[in-house]
Amino acid sequence: MKCKGIIAIAPGDPRMIEVDVPEPGPHEVQIRMAASLVSAGTERAWVQGLPNATPAYPYVPGYCCAGEVVKTGKDVTGFQPGDRVASFAVDVGHREIGNVRDLEVVHIPEGVSYIHAAFTSLGQTALQGVRKCQIELGESVVSLGLGIVGMLALQYAHLSGAQPAIGMDPMEKRLEIARACNADLTIDNRQEGWEQKLLDATNQKGPAVVLDNTGVPKATASACQMAADYARVCILGCPRGTVDFNFWRDVQKKSITIIGAHAVDSIPLHESYPHFWTYKDDASCFLRFVQSGAILLDPMIDEVVNKEDAEAAYRHLIQYNKESLGMIINWQEA
């Protein structure tokens, strides 16, 4: 069987082509996709082959999907055809049908749309990082870099009792979205005087927690520099290059803790532990937050494109439109 899917056939050259759909393996769930979310920062890096993101081509971009179970492998339990599910669909990405490991598939609760469920993998990405920071009630938190992960991390910090929960980004559009997503304060870190504004908001100490969502090496240095003594700095965005700064001055002397928080490589596989949850547990937690209205997603959705228009829209987003936040591909028939 074949279906349509987006494949980068060379660096910077994504196309919608026909791809094979094999039978699901023993521990795989085959899903007919209803919606997939473009993780713009990560996918732009891998499709274009940026530092620390140099795949072999052809390359399958994307990993944030939701849809309906078609069939399951022989050793899969807990899923059956017709179930509504969300998944971390690496190696499947943006395509009509794909096979996903059962460990990375979760049920979508009642009342949560496929479009919202497509955010699940980025919801898990942000949640596992915030969880590792062990935010205490009343601590000041900065979410640095307000892409989708940064917006979600900001909302989790707010839910964890951060006071204030601060969104920081150089794009006014994203600061506006952060304010719609319950930020207590937003700061444009390209404007003169932003450092003093941050100090004023944190009792002249700097934030107790900084979540670096940028993937920009210079921003990692900035995150450590702005942090308070004894702060935690969580690296949620994957740096696209080498981080080079004065470690003694910005980390050691201030007794800062740096937390590595990769969404799939720094979490347990089968069992959750305090501050370290599995993909399934964090993903299900995210969906419950969405179901209850505690996590807001609509402000982050820039556009929903049909599969017929997906190649052109995807190419524009990856190559040119760096201000776009959330693009959903609708795989269902119009």
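Predicted model: local features only at pLDDT ≥ 70, side-chain atom pairs only at ≥ 80, totals over all residues.
User: Why is α3 called roughly perpendicular to α9?

Analyst: Good place to begin! The axes of α3 (residues 120–133) and α9 (residues 279–292) cross at roughly 105°. Angles of 65 to 115 degrees count as roughly perpendicular, so α3 is roughly perpendicular to α9.

User: What makes the contact between these two helices?

Analyst: Contact means heavy atoms within 4.5 Å. From α3 the residues include Thr-120, Gln-124, Leu-127 and Arg-131, and from α9 they include Tyr-279, Asp-282 and Phe-286. By class, the contact has 6 nonpolar, 5 polar and 2 charged residues.

User: Which residues of helix α1 are called buried, and what covers them?

Analyst: Buried means under 20% relative accessible area. In α1 (residues 40–48), the buried residues are Ala-40, Glu-43, Arg-44, Ala-45 and Val-47. Their cover includes the elements β1, β2, β3 and α10. Just after α1, Gly-49 has a positive phi of about 70°.

User: What makes a set of residues a nonpolar core?

Analyst: Its members are buried nonpolar residues joined through side-chain atoms within 4.5 Å. The largest such core here has 57 residues. Phe-119, Leu-152, Leu-211, Phe-286 and Met-300 have the most contacts inside it, while helix α4 (residues 148–159) gives the most to this core, with 8 residues.

User: Where is the other core, and how many residues has it?

Analyst: That core lies apart from the largest one and has 28 residues, among them Val-69, Val-305, Leu-317 and Met-327.

Note on methods:
Residues numbered from 1 in each chain as written. Heavy atoms only, no water. Axes fitted to C-alpha atoms, helices over the stretch in contact; angles between N-to-C directions. Helix = DSSP H or I, 4+ residues; strand = E, 2+ residues; numbered from the N terminus. Parallel < 35°, antiparallel > 145°, perpendicular 65-115°, else oblique. Nonpolar A, V, L, I, M, F, W, Y, C, P; charged D, E, K, R; others polar. Buried < 20%, exposed > 50% of the residue type's maximum accessible area, 1.4 Å probe, protein only.
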